[in-house]
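Subject: Structure handover

Hello,

Here is the structure for your files. My notes follow below it.

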Amino acid sequence: MPALAFANVGPAEPPAVGAAEPALAQAEAVLNSVFGYKAFRSFQADAITALIEGADVLALMPTGGGKSLLYQIPSLVRAGTGIVVSPLIALMQDQVDALKELGVRAAYLNSSQTPDEQRATERALLEGALDLLYVAPERLLSERTLTLLRGAELALIAIDEAHCVSQWGHDFRPEYRQLRQLADHFPHVPRIALTATADARTRDEIVEELHLKAARRFVASFDRPNIRYMIDPSGGASARERLWKFLKAEHAEDAGIVYCLSRRQVEETADWLVGKGRQALPYHAGLDPLVRQRNQRRFLNDDGIIVVATIAFGMGIDKPDVRFVAHLALPKTIEAYYQETGRAGRDGEPADAWMAYGLNDVAMLRNWIESSEAGEERKRSERQKLGALLGFTEMTGCRRKALIGYFGETYPSDCGNCDNCLSPPETVDGTQAARKALSCIYRTGERFGVGYLVDVLTGKDDARIRDNGHDKVSTFGIGRATPALEWKSLFRQLAAEGLITVDLERHGAIRLGEACRQLLRGEAQFRMRKERPAEPKASRASRTTARKGAVDVRAEDRPLADALRALRTKLAKDGQVPPYVIFHDRTLAELALFRPKRTSALGEITGLGEAKIARYGAALLEVIARF
Ligand code: ADP
Ligand code: ZN
């Protein structure tokens, strides 16, 4: 039975878990008394008991699924210290802060510490005074650390972000490959590898590279039911204008992330949002590291900040109350899209994944693939992945079903929580229209961009068209009956299907793709998605949860909720931790709704374990008593 560090938080008793009790009962007791949660999710109970009983585990769970408890609870139940390998220093710090708030004796070893701090941590480990120790991979494998660990009692070894061993993955870290040695160094210590990557190939690589063949495998559903997937189709306004409309309607005060493709787009978009009155901060590799760090800190510590970032931002950001993730440019693959959107709503409350993209994004991504140094096999796989992503963006069925299906899971019905479910798009036979567009490209010599082509198709009176003699070609004006917006949408759909390509070196000139021949010869059909009205029919009003703040708070509870939020802000400032480390929004909402009057009733509230009740209970009761 490990010693829980309750001494520093007052008179609360350690949970009554004895060695004789079955593993599950011990795990439940810790879940309840330390974390303040009532029940395990998904396979948490099984994986945790397996580890407590000494088995190795491979756990695959989406972001926000609750992976950390898988090693945190067994570390508290088993004798000795749980060692957690984690690639990101910032993340370690956050986790350790949060654990300390819970009264758990946690620490980390990394290069941000002074030698004195490191020695103090090492001593604590050897004295058995730590429940959990976070270590960076390269540090873990140093001779010094290995010797240190041999002298300590180890409860388990957890390898977080285990997909970093995979060369195919997006986060390959060579030092992760070395972690295979752990099996030899500590053969009797149970190990758990964790990842949110759903890719089967990566999974196999983890098992192989980390010597986990005998490990028990647990795979959770990759569905994130609280995330609403939306891809804005309206080609008219700029992506930015559409973003603004979305933010105004759905997230006027919420924190979120906006992903862009380039540093310049990041800077411009952040400035633009600031001009609109939002607190928006840029984040990209070209910024001074100190500025980057400061912006990240503000995102974590202040309410309602938007970070505008390149994809480099997000790994290791554990902020649970990110209410939206918006893409102003196409992500590279479905995997990347899933990972990036997965940063929304880790707390399980409603969140949005929103995207707008244009034809040029498609061209840019195609270009990157073709001009990269990668071998042909790799390029082929990348082309396939881009194709899958484009198919996903232009699809008309349930997006969740497709997304989950892509990861090899079956989703039983339409989800009712994506744009296509909420406002089903109409499809029409677009074969004729597509033929017109393709022949217009051909007749004008495959030299012009979409704007020009649409002008020719709609028969616009334009000097440049006359100069080129394109008012005389047979396709001039044959598309008059169709609005320009729909032609633009058609071009995007043709590009998504590979029927046309965009030449970025020649100012976005549209060319005919290989695949268009069949269509031109009349051997293939083309189904086209009709532009729908910019506002989905079912927007705010239909939401089951109010959008101001993460969690549903009744109007009559709002004053109390605001007072509790103010208290949280103060406690966070005092403790120098982010507000969500003090309590999640869910906890605030439950407090405002149930208004507990006594300390004993606080235990019923989600997220209030013994340490937090001991530390903050009195202050909470006092605020509640005022209402
Ligand atoms: P992951 O690492 O898988 O992205 P986390 O471990 O950060 O997810 O968990 C996401 C959130 O869900 C955290 O706030 C965590 O405390 C919470 N959580 C995890 N398990 C449970 C549970 N059984 N009941 C309630 N909340 C939970
Ligand atoms: Zn759906």
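Is aspartate 321 buried or exposed? Aspartate 321 is buried, because its relative accessible area is 13% (buried is under 20%, exposed over 50%, partly exposed in between; 1.4 Å probe, protein chains only). Its salt-bridge partner is lysine 319, at 3.1 Å, N to O. Lysine 319 is buried too, at 2%.

Some ground rules. This is a predicted model, where local features need pLDDT of at least 70, side-chain atom pairs count only at pLDDT 80 or more, and totals for chains, interfaces and linings use all residues. Residues are numbered from 1 along each chain as its sequence is written, chains are lettered from A and ligands numbered from 1 in the order in which they are written, and side-chain values use heavy atoms, without hydrogens and water.

Salt bridges: the whole structure has 40 (a side-chain nitrogen of Lys or Arg within 4 Å of a carboxyl oxygen of Asp or Glu). Arginine 242 pairs with aspartate 232 at 3.5 Å, N to O. Arginine 242 is buried at 8%, and aspartate 232 at 13%. Arginine 511 bridges to aspartate 503, with the closest N and O atoms 2.8 Å apart. Here arginine 511 is partly exposed at 27%, while aspartate 503 is buried at 15%.

Zinc: the protein donors of ligand 2 are the SG atoms of Cys398, Cys415, Cys418 and Cys421, 2.3 to 2.4 Å from the ion (donors are N, O and S atoms within 2.8 Å of the metal, 3.2 Å for Na, K and Ca; water is not among the atoms, so sites may look incomplete). Their sequence spacing is C-x16-C-x2-C-x2-C. Cysteine 415 is buried, at 16% relative accessibility.

Best wishes
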